[in-house]
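Please open the model in your viewer and keep the selection panel at hand. The tour begins with a pair of side chains and then moves out to the whole chain.

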Amino acid sequence: MHKGSCLCGAVSFEVAGELKGPDACHCSQCRKTSGHYWASTDVPRAALKIEGDDKLTWFRSSEKVRRGFCSICGSALFWDPIQRDFIGVAMGAFDPPTGTRLAIHIFVANKGDYYEIADGLPQNQH
């Protein structure tokens, strides 16, 4: 069981089972949501339990995706591809230890111009 929460604790969550190696998304939406790149792990919807969902606000960032954040402190917590059977959970919101390591960088063609990716992990342009 892995637990986590937003900064103020109004929204907390539990994920049953092991966490997949997270990806780092460098698309412009993720950078604007997080302030840098967005690191998250995809978990089956059935494995995620959310407490304080009355303090969870959803923003429809595209036709296929919504993003969940705490309405009190503003912490970005979830990336939700609505029609899929999984949901992305922000790695920074988990309580340690997560037992994971970053697995891949995605949408690197859209990364910010102020940093380089030099960790040797796979990089997908899209």
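**Cysteines, then the chain**

Select Cys6 and Cys70 to begin: the closest cysteine sulfur to that of Cys6 is the one in Cys70, and at 3.7 Å it is too far for a bond, a disulfide being a pair of cysteine sulfur atoms within 2.5 Å. This is a predicted model, in which local features need pLDDT of at least 70 and side-chain atom pairs count only at pLDDT 80 or more, while totals for chains, interfaces and linings use all residues. Residues are numbered from 1 along each chain as its sequence is written, and side-chain values use heavy atoms, with hydrogens and water left out.

Cys6 has a relative accessible area of 5% and is buried (under 20% relative accessible area, with a 1.4 Å probe and protein chains only).

Next, select Cys30 together with Cys25, whose sulfur is the nearest cysteine sulfur to that of Cys30, 3.6 Å away; Cys30 is in no disulfide. Cys30 also counts as buried, at 2% relative accessibility. Across the whole structure, a search finds zero disulfides.

Now switch to a cartoon of the chain, where there are one helix and 10 strands (DSSP runs, with helices being H or I of at least four residues and strands E of at least two). Followed along the sequence, their pattern is β-β-β-α-β-β-β-β-β-β-β.

Finally, show the C-alpha trace, which spans about 35 × 30 × 30 Å along its principal axes.

Definitions and conventions: Buried means under 20% relative accessible area, exposed over 50%, partly exposed in between (1.4 Å probe, protein chains only).
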